[in-house]
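Hi,

Here is the structure I promised to send over.

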Amino acid sequence: MASTPTQTENIEPEAGPGAAEDAASTAAEAAQSAAAEERLSKMARLREEGREPFSHVDLGERTDAAEILAAHNPEQLQHGEHPELRYTVAGRIAGVRGHGRKAFLDLRDRSGEIQLYAAADTLGDDAFERLLDLDVGDIVGVSGCLYVTQRGPLALSAHETTPRT
């Protein structure tokens, strides 16, 4: 005669070596989804404001970041703006550091990286806020003049910005 079990065991599978990887993958997918939602929301907001986020804009002649940095020695220039030395650059935002109504951004192009100095007083409040609304990885065109920071490195003082993505 066969015996029948009187109690059913609820056996949970043991967490194997892949369980942590699965959890990390799920968390990464959730973060990626949230980032995509935020970018779609920003795109919709730009369109509501009457600005096309992916419009073609000719920036004119651009200068590579490495060329600007190689052409000037900050030790031979005074601190501040140099309006006689104007440039246009374009590249990806690699970092943003806000300081009230001023900000420093790192812009990376095909040749290297240059620091951007942005001030609400120079750009205007709306353009300054739009610039700070960009995400790391977004592409932007910037026209302005050479700027020597208080700590000595060269930067480009942003006078006009053109978000590309």
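To start with the charged side chains: how many salt bridges does the count come to? Five, where a salt bridge is a side-chain nitrogen of Lys or Arg within 4 Å of a carboxyl oxygen of Asp or Glu.

Before the details, a word on where this comes from. It's a predicted model, so local features need pLDDT of at least 70 and side-chain atom pairs count only at pLDDT 80 or more, while totals for chains, interfaces and linings use all residues. Residues are numbered from 1 along each chain as its sequence is written, and side-chain values use heavy atoms, with hydrogens and water left out.

Now the overall layout. The protein has four helices and five strands, taken as DSSP runs numbered from the N terminus (helices are H or I, at least four residues; strands are E, at least two). Reading from the N terminus, the order is α-α-β-β-β-α-α-β-β. The five strands close into a barrel, E1-E2-E3-E5-E4, with mixed pairing; two strands pair if DSSP finds at least two bridges between them. From one strand to the next, the twist averages 50°. That angle is taken between N-to-C directions on a scale from 0 to 180 degrees, with axes as lines fitted to C-alpha atoms (for helices, over the stretch in contact).

Helix H4 (residues 125-132) packs on the sheet and touches E1, E2, E3, E4 and E5, contact being heavy atoms within 4.5 Å. The direction of H4 makes about 50° with that of E2.

E2 (residues 102-108) and E3 (residues 113-119) run antiparallel, joined by seven bridges. Among the partners across that pair are aspartate 106 with glutamine 115 and phenylalanine 104 with tyrosine 117. The two strands form a hairpin with four residues between them, and glycine 112 in the turn has a positive phi of about 155°. E3 also runs parallel to E5, through three bridges, and there tyrosine 117 stands opposite serine 157. Six of the seven residues of E3 are buried, so the strand is largely enclosed by the rest of the structure. Buried means under 20% relative accessible area, exposed over 50%, and partly exposed in between (1.4 Å probe, protein chains only). Across the protein's 165 residues, 33% count as buried.

- Arginine 110 meets aspartate 64 at 3.1 Å, N to O. Arginine 110 is in the loop between E2 and E3 and aspartate 64 in the loop between H1 and H2, 46 residues apart. Arginine 110 counts as exposed, at 75% relative accessibility, whereas aspartate 64 is partly exposed at 22%.
- Aspartate 121 pairs with arginine 101, the closest N and O atoms being 3.0 Å apart. Aspartate 121 lies in helix H3 and arginine 101 in the loop between E1 and E2, so the pair ties together parts 20 residues apart in sequence. Aspartate 121 is exposed at 67%; arginine 101 is partly exposed at 44%.
- Glutamate 113 and arginine 108 come to 2.6 Å between the closest N and O atoms. Both are partly exposed, glutamate 113 at 33% and arginine 108 at 47%.

There is also a network: salt bridges with shared partners join Arg101, Asp121 and Asp125.

Cheers
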